[in-house]
Each structure stands twice: as C-alpha cells, then as structure tokens.
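Please keep the sequence and the 3D view at hand while reading.

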Amino acid sequence: MISIEPVAAPGAPLARRNPVAKLAAALLFSFILVATLDPVAPAIAIAVELALLPLFGVRYRVLARRAWPLLVSAAGILVTLVLFAAERSGRVLLEAGPVVVTSGVLLTALGLVLRTFAVALPGVIVFATTDATDLADALIQNAKAPARFAIGALAAFRLVPLLGQEWQAISMARRARGVDAGRNPIAKLRLFVSTAFVLLVGAIRRGTRLAVAMDARGFDAGTPRTVARRQRFTTADALLVAGAVALAAAALTASILLGTYRPLLG
Amino acid sequence: MDNGNRWRTIDIVVASVIAVAFGVIFWAWNLVWSATEPAFAFFPPAQALIYGIWLVPAVLGGLVIRKPGASLYCELVAAILSALLGSQWASITIVQGLLQGVGAELAFAAFRYRSFRLPTAVLAGALTGLSAAIFDFVYWNKAYDLGSYRLPYALLTIVSATIVAGVGGWALTRSLANTGVLDRFPAGRERAAI
Amino acid sequence: MSGVILRGFGWRHAGRKRWAVRSVDLRIESGERVLLLGPSGAGKSTLLAALAGLLPEDSGEQEGTVEIDGLDPRKGRERVGIVFQDPESQLVMARCGDDVAFGLENRGVPAEEIWPRVDDALRRVGFPYHRDRPTAALSGGEQQRLALAGALALRPGLLLLDEPTANLDPAGATLVRSAVAGALDADTTLILVEHRVAEALPLVDRVVVLEAGGGVRADGSPEAVFRDHGDALAADGVWVPGRTVPPRRATTAPGDLLLTADRLGLPPRLAPTDLAVRAGEALAVLGPNGAGKSTLALLLGGLLPPGGGTLTASAPLAGRDARTPPHRWRAPALAARIGSVFQDPEHQFVTGTVFDELALGPRRTGRPEPEVRAVVDDLLARLRLGALAGANPYTLSGGEARRLSVATALATAPRLLICDEPTFGQDRRTWLELVDLFADLRDAGHGIVTVTHDAEFVAALADRQLTLARPAPAPGTPDGDRP
Ligand SMILES: Nc1ncnc2c1ncn2[C@@H]1O[C@H](COP(=O)(O)OP(=O)(O)OP(=O)(O)O)[C@@H](O)[C@H]1O
Ligand SMILES: Nc1ncnc2c1ncn2[C@@H]1O[C@H](COP(=O)(O)OP(=O)(O)OP(=O)(O)O)[C@@H](O)[C@H]1O
Ligand SMILES: [Mg+2]
Ligand SMILES: [Mg+2]
C-alpha cells in the first residue's frame, strides 16, 4: 500500500538521469506553465508529457493509478467555478437560479483543469522514477544540500513502510488487553485518534534511538564524509533541464501566438 | 544553552521523523481532500476549515526542536515525502510546503527562538495559514469570485491554521512531552520542572 | 587494539532514583575477550552504552570516569563498534550494502576503499544476500548479522555486543557466534553481554559479573569465576554452566479441550496447521526463524483473522461465544479468556507507567478497583517490578520489559495463555520464576501455549511439542538474490 519504491523500469533513458536534474526539470517545467490560465499551453504540455512517458519507463496504467485523485480535483474545480466564477462572459448555456453557466466559464474551467494536470504530471513522473537514496545522494553531491540533513531525512524515510506494520501492532496490543470501540462511531473515532497518537510517539521514540545508532557509527563526528555512491551531473542531465525549459516555453509561446494567453498575475 | 543553534543528530532525525509521520498523514489527507471536494462544492470555502492539518508539522516542529529552521524543515520534508508517495499535486506541494514553513518560521524568529508558549504557537499557526492563503489566493483561486469565494476561503484558511495548527500543535507538543519521548528536548524537560 | 579503564563509574538515568550501574572499577587490556554477566537490570546495557560514548550528558548523571585508550568515549567513538540489544532500531539505510557503507562514509574512508570493505564485512558474517537487498525485507536474525557487519566494517578496536543472539533459532545463533569468532582480529577487544553463558564461553577468555546494587561481583577466567562463585552466582540469577533445572511436568491428565485449529493458516506467513489446546496442558511451538510461529500465536490469540482454515473455541473456554471464532469476539471478552504475550514486548505496551499497564486489563474486564490493586501488587512483587511501578515501560531494561509483558497477560487470569518467546533475555532467577508461574497456572487448569527457541524451557515445562517448518516460498518468487 504505502511504498516509496520507484515504479519505473530502471533502465529507461530518462529515468536514469540524475535525480536533481529530473527534479529541476520538473519544477522549471511546472513553473513556466503556472504563468498562464488559458487551456492551450497546458494542453500542449500534457501532450508532450504523455509522449515522453515511455522514455521514463513509466507505464500509462501506473501513471493513471498515481494521478486518479486529480480527476476528482477536476470535478471539484468545475463545480466551484460554475458557482463562484469571477467573470461570466460569453454565451449563456444554462441558467438555473443562481447557477449561470456561460461559455467563458467553461473555457476557464477547462484551462484550470488542464493546468492542474500539466503542472502536476511532471512531478508525478519524476517521483515515480526516483529512489529516495539516490535523490538524497544527488542533493548532497550535485545541489550542495547539507549532508547531515539529507541523510537524516533519508534515515527517517526508511520508517515509512514500518509505520503501517506498527499501526497493526498497536491495534492488536489494545485488543489483547480488552480495548476496542465496538460499534460506537464516536468511540471508533477516539480510538483512531489515540492510535495515531501512539504511532507518533512510537515514531519519535524510534527516531531517538536511530539518532543514537547513527552517532554510534560516526555520524556527525566532525570528520569530513566521503561518498560511497557517486552521482554525476552530466551534459545529458543539463540537456534534460534545458529541454524542459524549452518545451514549456514553446507551449507558452504557442498560446501567446494564438492569442489565448491569460497571465496569472495582473 | 551553549552553541544552542547547532542541530544535534537527534534534532535532525526527530524533526525528520515528525515530518515523515505527517507526510504519510498528508498523503492520506490529500485523498480525503479530493474525495470531499465535490461534497464541499456547494460552499467550498468551508473546506478550508480542514486545511489546518497540512500546517501542523510547521508548528509542531518549531515547538519541539526549538532551533532556527525547524518549522521550515519539517513542513518542507513532509511535503517532499507526500510528493514521493504520489501526491496528485506533486511538485506544487513542495513549493507550498516551503512557503508554509516560512510562515511559521517567521513567528518563532519574531520571538528570537526564545518563547515557545501558546501565544507564540498561535502566531505561528496564523502566519503559516497566512502564507498558505496567499499562495492559494494567487495560484489556485485566481479564477474565482473575490467576494463570495477568494476572500472567505483565505480567511477560513487562516482561522483553520490558527486553531488546528497553532493551538492543536501546541496541545500535541504537551501531550508528547507527557509521554516522556521528548525528554532529550527542552520541550520535554519543562515537564519535569512542573 | 583498545584498552578500557573504568574508575568508580556510575550512571543514573534521568528521572530514576536508583543508579543503573554504580562503583564499577574495571580494567580491560587490549585484545581481551570479556563476557559481561549480571542479573537483569544490573546495568549491562547501560555500561556498554557508556563505553560507546552514547550516554548524552543531558540524559542522566555520571559518577567516576570511563576511558578508552585514555580518551573520553564520547570523543573516541571511532575506536568502538557496538551492536545493540534490538537490531531493528540500528539499521539506517534502505539497502543492506548502503547500511554497511554508512559508517565508512562517516569516517571519511576513501570512496574506492568503501565497497571492498563492505563486501568483506558482509562475507565475514555470512550474509546471504546481495548488497541491494532492502533492509526492510530481513528477518530478525539477518538484521542482527547485518548490524554486526556494519560494526565490523569499521574495524573497531573495541567491539561491544549486547545479546547478539536473543531471538535467533539455534542454527542462526551458532552462525552469528561463529561469525563473531571468525571476524575478530587478534588485537580486537571484545565485550559480550549474553545471559546464556554456556554458548558464549567459546568466544571469551574472561568473565566479569556485575552486582545488581553496584560494583563488580566477580572477575577472572571462566573456570576460576564459576569454581569460586558458582553457587552464589546461580542463586543471584546468573546462568552458571552445568547446572540443570528440575523439570515441572503436568501431574494430572489434560482436561477440557479449549481451542482447536483445523488447517489454520495465513499465506504466505503460515502454512496450514492443525492443533488442539487443552486445559491443564503446556504446549510448546518450535521452529526456525520465519516459520510462522508468531503468526500462529496471533491467530490463536484471536488478534488476526485467519487466512485459511478454522479456529474453534470450545464451550468451557468461550461459553455462549463458542460458535463465533475468537477474532470476532469483543475485546474485553477476549482479554478475559485468552491472554497474549507478544514477541516484542514494546509492541504490547499501551499506557505510560508500569502500574497502569498491569491495571489496564483487569479494569477493562470490569473488576472492582480494590481487586485490581491487589492483582497488580501481587504481580509486581512476584516478578520483582515493584520498584519500577511508576516507570515508563519504554525505559525498562530488556529483561524487565519482557517480565512486564508477561505480567500484563497474566493480570486478567485468562483460561488460555499464549506466549511468544516469554524467556528470551531473562536471567536464571526470573527464568525459574517464570517456569514456576506457568507450571502453577497449568496445574490450576489453565491452558498454555509457548512459542520458543529455548530448549531448556521446553525440557522443563512442555508436555507436548509442535514443530513448524519454514513455509516453502511460493513458486515464482526468488528466495532472495544471492550474489
Ligand atoms: N532510558 C532509560 N531511562 C530510565 N531508566 C533506564 C533507561 N534504560 C535503562 N534504565 C534502567 O536502568 C537499569 C539498568 O538497565 P540496563 O538496560 O542497563 O540493564 P541490563 O543489565 O542490560 O538488563 P537486561 O539483562 O534485562 O537487559 C534498569 O533498572 C532500567 O530500568
Ligand atoms: N506483518 C507482516 N506482514 C507480512 N509478512 C510478515 C509479517 N510478519 C511476518 N511476516 C513474514 O511471515 C513469515 C513468518 O513470520 P513470523 O514472525 O510468524 O515467524 P516466526 O516463526 O515467529 O520467526 P522468529 O523465530 O524469527 O520470530 C516471515 O517470513 C516474515 O518475514
Ligand atoms: Mg540489556
Ligand atoms: Mg516470532
């Protein structure tokens, strides 16, 4: 269920790129697209993203599984906009009491929904193809992130899959001692909250012990660290970042040339 | 406290663990958020009331670790983890996490990292809510009506952050201290004095 | 390569009145192999933590001095390697190889030397998998071996091992011990904590016994120590080799049938198993690490829903509930009928003090408060936890935590008791008390199921045995990726 393992085919040409390069490419690509509210630029971007997907070794089915909540968000955007749009220009398509749906509203909704997808997908793709250890290594070696913090966070990430098992253990321990909620929904909620609290306490306790174990093996002893796993930032990685910027800029330019561009600010 | 601002290993790891635990909660919360979105659609600003959960690590991290950068670090790492777990908003989450962390950080900095009482926590909650609200105001809600949606949504975000993250984060820190897990932190040692 | 000098050393954990360890004067020359003994709670783990420089100043109060090669251990950490009592909490990285490399990176070992040293350390402990194996996919024994490799890769002058074979099956324990023996250089100093003396003796040339109240009780070669102090040590709780324990078998025939398992299983953790438990009978469940013993215990305890087969409770155990399987019973009813002791005691604790922990079960099953108090006080006295009634369960020593977890299951006086490894990490005195306690319960008509690797315990108590085999891996799943 909860897993931070990458889901991509490991040998895929773009999945193999430096994690920092992938992250930078995704962030830059997203930020350029954020600048507009029109449907054209994000539509082009989504087409590009889907076309590049096989190069990341991610299957469309996997992407759909990770991104399905976006569909629900899209529905939310649509409903909200129908009820609360700032401007209702264009032809009136439907009028029922306070609800006025115009072609302008639908166009804005389309823009927002497409933007949500276009901006989120690069991140979904990158994180689906990146291993946490590699990301931490690359952040330290290629992005000059402080090693103590990157490694500390990485060590804590290892606890993620354990939290699920821990939840089960806590529930069983309580049941064995005669604690349960029965059918009462309030009691259920209280039990849920207190289980979550015990889980948090347990996680912090584990963190405290982990810190001692790390100190025992010379973490933070002041000696300069060496690295066992080299992460390189190559020309290909630089090209990936440049390519992401170029593609996003091209999508934006297309929307400006077509006259659909609507700036986010102003 | 001498060299009080340097993070010990235990500070780093426990801050990370708090962030990771909340990263998992965010991941679940994102699903809840998406699932309730259509339900709240008829008065969407009300959804902002449950917004505060996303901001708890910023306040909790600051109150437990008590070092410059703790709020920012906890909120940011939690956001990165929820992106790694497969959040539908992916990289945007990270930017939001960064901004929200800055909000709480400013509150603790305003007291020069010396006060960690309820009023500080409330201020931290309010400021992290404010930074979250500003981001949403500009980024997510730009196309919505100002009076009936954008402003109420922003205000409710701040209210939610103040109560859930501010007061809630403070209460959570106290309960954690009572269990003894924070004994190696200043937040836990205050317990013995009481 | 490292010598240790302790002068009047003592440590008191924050929030405790008693000193965990006190007035220890000890000198260990470099290259010596020392077995550190002492009753549960005597401060063995605390002493090892002090030697590794892992008792932060803000977590307690120190007396006297510790020196490793003339240095404060907090400054000389690069000389020391330690493997803790609980291996799970000391793995840092997500992949096994990276975890061993972690310490080398921290010490600034040049990059090109790291992987050869990692491979060498893994080979020396007989680690069966490739470096890329996820650490989350290891059994307890494999984790213990990996932790040992992580310590050995640093080539420490002083190696500290805290019960490195608790929880391992006999074959795994032998393997780890031979890994330690094979991995030590002539000039490595070793300090080993282990309750089961007989198994540890081949590794050591000196025995040091800590006194519970403080100080060193005995010190010298194993022969001399056990010859001169054998009786007194045995009375104090040390497992003196060559002393057998009288068996306590059932004196009457087994009574009512309590619980019947028919092809009970949970793939892939437990293969279908048949089993019947009767009142007045002690059943021991044996088998190698990963055979599914703990899973079976949880199923029998009504804590996990079965993945196959059926579990039926009889009317003498369950009354009107006899027709529903135990995992569907309400929790208070379950706690009053079947008590469970978990393998990891810390998984069992749900409250903030030892007293509340013991009182929880009786309160939930609806006993009046004075009666609850009487039950709790009796158990505290019997398992010698009285002085710790106000302590947080998570601050107990390994053995104390185990005793508390057994006591919590006893508190509701269930008709059937299911214990997972109730005797690991116990000194001899507590061990004998546990045998007596279980035997008394059985003779009073309770049913007892114990999952255990402890052959002596089986010999002393069990009326019947069931040995589980490791379930065969499902076809198509590779059984680990051996290099
Ligand atoms: N973190 C802690 N906080 C408070 N008290 C502690 C802590 N750790 C240990 N103690 C107490 O210190 C005493 C010695 O504990 P220690 O773990 O050193 O014993 P031990 O000799 O290793 O016992 P065992 O054989 O049961 O593992 C115990 O009474 C224990 O309750
Ligand atoms: N919560 C779980 N989820 C999935 N698999 C599990 C879980 N717990 C244990 N397993 C796996 O099921 C198998 C049986 O585990 P179990 O803990 O029952 O073994 P055991 O016989 O008690 O071993 P040990 O002697 O090491 O305690 C093991 O291969 C283990 O890795
Ligand atoms: Mg111990
Ligand atoms: Mg087991």
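## Terms and basis

Two strands are taken to pair if DSSP finds at least two bridges between them. Helices (H or I, at least four residues) and strands (E, at least two) are DSSP runs, numbered from the N terminus.

This is a predicted model, in which local features need pLDDT of at least 70 and side-chain atom pairs count only at pLDDT 80 or more, while totals for chains, interfaces and linings use all residues. Residues are numbered from 1 along each chain as its sequence is written, chains are lettered from A and ligands numbered from 1 in the order in which they are written, and side-chain values use heavy atoms, with hydrogens and water left out.

## A parallel sheet in chain C

In chain C, 5 strands make up an open sheet with parallel pairing, in the order 14-15-16-12-17. Strand 14 and strand 17 (464-467) of chain C are the edge strands, each pairing on one side only. On average, neighbouring strands of this sheet are turned by 15 degrees against each other, direction ignored; the axes behind this value are lines fitted to C-alpha atoms (for helices over the stretch in contact), and angles run from 0 to 180 degrees between N-to-C directions.

Strand 15 (residues 416-420) of chain C pairs with strand 16 (residues 447-451) of chain C in the parallel sense over 5 bridges, and strand 15 of chain C is also joined to strand 14 of chain C by 4 bridges, again running parallel. Towards strand 16 of chain C, C:I418 stands opposite C:V449 and C:D420 opposite C:V451.

Elsewhere in chain C, C:L437 belongs to helix 14 (residues 428-443) and is buried, with a relative accessible area of 6%. C:L437 and C:L410 are 27 residues apart in sequence, with a C-alpha to C-alpha distance of 9.6 Å.

## Magnesium and ligand 2

The magnesium ion (ligand 4) is coordinated by C:S294 (OG) and C:Q343 (OE1), at 1.9 to 2.1 Å. C:S294 lies in helix 8 (residues 293-300) of chain C and C:Q343 in the loop between strand 14 (338-341) and helix 11 (354-364) of chain C, so the pair ties together parts that are 49 residues apart in sequence. Donors are N, O and S atoms within 2.8 Å of the metal (3.2 Å for Na, K and Ca), and water is not among the atoms, so sites may look incomplete. C:S294 is partly exposed at 23% relative accessible area, and C:Q343 is likewise partly exposed at 26%.

The residues surrounding ligand 2 include C:S294 and C:Q343, together with C:N289 and C:A291; a residue is near a molecule or strand if one of its heavy atoms lies within 4 Å of it. Polar contacts are pairs of N or O atoms within 3.5 Å; within protein, one must be able to donate a hydrogen and the other to accept it, and residues adjacent in sequence count only if both atoms are side-chain atoms. Oxygen atoms of ligand 2 lie 2.7 Å from a side-chain N or O atom of C:N289, 3.1 Å from a backbone N or O atom of C:A291 and 2.9 Å from a polar side-chain atom of C:Q343.

## Ligand 1

Of the 19 residues around ligand 1, those that come nearest are C:S40, C:S45, C:T46, C:G399 and C:E400. Oxygen atoms of ligand 1 lie 2.5 Å from a polar side-chain atom of C:T46 and 2.7 Å from a side-chain N or O atom of C:E400, whereas a nitrogen atom of ligand 1 lies 3.3 Å from a backbone N or O atom of C:T395.

A:T226, in the loop between helix 8 (185-216) and helix 9 (235-257) of chain A, is buried with a relative accessible area of 18%. A polar side-chain atom of A:T226 lies 2.6 Å from the backbone oxygen of C:V109.

Definitions and conventions. Buried < 20%, exposed > 50% of the residue type's maximum accessible area, 1.4 Å probe, protein only.
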